[in-house]
Amino acid sequence: MENVKSDRELIRDYLFEKMDKVMKKPYGNYKYPFIDPGSAYDGNLWDWDTFWAVYAMINVYENSNTSPDFKEKLIDCAKGNVKNFLNFQLDDGYIPMMVHEPNAAEPYLIKKHKEGEILNMHKPFLCQQICLTSGFCGSFDWIKDDIDKLKKYFECYDRYYYNENCGLYVWADDVMIGVDNDPATFGRPRFSTASVFLNSFLVKEFKSMAKICKAFDMAEDEKNFAEKARRLTDAIQSECYDARDKLFYSVDVDIKTRPYDWFHKGLGVFWKTLFIKVRCWSNFLPMLTEIATPTQAAALKDHIMDEATFLSPNGIRSLSYDEKMYNLEPTGNPSNWLGPIWIIAQYAVFRGLMNYGYREEAKIICDRTLKLLGCDLRKSGELHEYYNPETGEPVINPGFVNWNVLALNMADELEGKLSPARFLEY
């Protein structure tokens, strides 16, 4: 009888097939080993992509039969991801979110920042990756000499992106924001959007820095970063949660008062933000980062499982089906997050549901994700960057690896196996 491989086996085999292609040795401006996403992104160093690649590969190592040198190679690349980014840091603390010109005399984003243009910087996954890597290898010692660089990284966030009026952080513009064409940011004025995505992950980043400080007995610094996480959590709760819709939203911070004429002497603008009521997958991130209260999580779960809006036959849509911007066209620069299925979104929502005890709902997402990827591998022999939620057809970039492997994390976590998320607990 023919041995038919399961979806999990197909995905795991695909990873091992691509491993040597995405785990890169040092070259050009990259002084250390690193991991790229594969496909069209060969040789690219990306911020949150490297984090999730390491997160997924740790799970594979812990729950699969791997070669003896796999752990050592993975640790070298994980440390190298961080070290490469820190190597690109400028004097004011700025770190680019990506580098795609490994042999250029000066990477594009570095050049633009030196020219005085404030662009978005490394998304808040640097310290998270440090904690992830240190937990996996059993020591923080490898990052000890870079503590001052990490402090400057946070000082840069506070200097350029912090909105003091509301206590939230904003994107500088709509370039390389992770969820590329999220309408809550895409096409909007500079420094006007406090994104749920950015602020939710900054809470985890502050907590991760507190954990790093704790590892080196830096009590005052640990206290400071833990307090920053607490204050930001309060600001997200105060400004981003809509009790009427029972949903977290990104918010517009471009609120101005004009006290200089008689018409504005009465009751002026006392609110700090306005909701940007775009319903997308990142509105559920407060469950992943455990910012949501149990009551809020219960309401978010209902939104997630609504088949008329988010839950498609093939997983969670990146944008709600009833949004007027819903669109499934293949596109790059920006990549399309206006509805297509992205596996990182599936895992983030899955892990959030698991955090609050919604195991059955999480299993539905896991099952649909495994089936989606397994079907792609059987038909094309490749995984793709994103998928049509209605048909399950791949949309763009065959050969994409990166966070697609998080499908294995879902299956393993449902079976009670340890999650790499434990290395990020504080």
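Me: Is I58 buried or exposed?
Reply: I58 counts as buried, because its relative accessibility is 0%. Buried is under 20% relative accessible area, exposed is over 50%, and partly exposed is in between (1.4 Å probe, protein chains only). This is a predicted model, where local features need pLDDT of at least 70 and side-chain atom pairs count only at pLDDT 80 or more, while totals for chains, interfaces and linings use all residues. Residues are numbered from 1 along each chain as its sequence is written, and side-chain values use heavy atoms, with hydrogens and water left out.

Me: OK. Where's the place of I58?
Reply: I58 sits in helix α2. Helices (H or I, at least four residues) and strands (E, at least two) are DSSP runs, numbered from the N terminus.

Me: How does the lining of the largest pocket split by class?
Reply: There are 15 nonpolar, seven polar and five charged residues. Here Ala, Val, Leu, Ile, Met, Phe, Trp, Tyr, Cys and Pro count as nonpolar, Asp, Glu, Lys and Arg as charged, and the others, Gly among them, as polar.

Me: N333 came up there. What's the peptide bond from N333 to P334 like?
Reply: That bond is cis, with omega near 5 degrees. P334 lies in the loop between β13 (315–316) and α11.

Me: What about the second largest pocket, which residues lie nearest its centre?
Reply: Those are K204, E290, N355, A421 and E425, out of 22 lining residues. Two or more residues each come from α2 (47–63), α7 (196–215) and α11 (343–355). α11 gives the most, with four. The volume of the second largest pocket is about 410 Å³, and its lining divides into 10 nonpolar, four polar and eight charged residues.

Me: How many salt bridges does the count come to?
Reply: The count is 32, taking a salt bridge as a side-chain nitrogen of Lys or Arg within 4 Å of a carboxyl oxygen of Asp or Glu.

Me: Which residue does R230 form one with?
Reply: R230 pairs with E227, and the closest N and O atoms are 2.5 Å apart. The two are separated by about one helical turn, because they are three residues apart in helix α8 (residues 219–240).

Me: And R190? Which partner does it form a salt bridge with?
Reply: R190 bridges to D173, with 3.4 Å between the closest N and O atoms. R190 and D173 are both in the loop between β6 and β7, 17 residues apart. R190 is partly exposed at 39% relative accessibility, whereas D173 is buried at 11%.

Me: Last one: which residues make the nonpolar surface patch?
Reply: L267, V269, F270, W271 and L274 make a patch of about 560 Å². L267 counts as exposed, because its relative accessibility is 78%. Patches are made of residues with over 30% relative accessible area and no salt bridge, with like charges joined within 9 Å and nonpolar side chains (Val, Leu, Ile, Met, Phe, Trp, Tyr) within 5 Å. The areas come from the Shrake-Rupley method with a 1.4 Å probe, and for residues only the protein chains shown count as cover.

Notes. 1 Å grid on protein atoms, 1.4 Å probe; cavity = no way out; pocket = protein on both sides within 12 Å on 5 of 7 lines; lining within 4 Å. Points joined across faces, edges and corners; volume = space filled by probe spheres on them.
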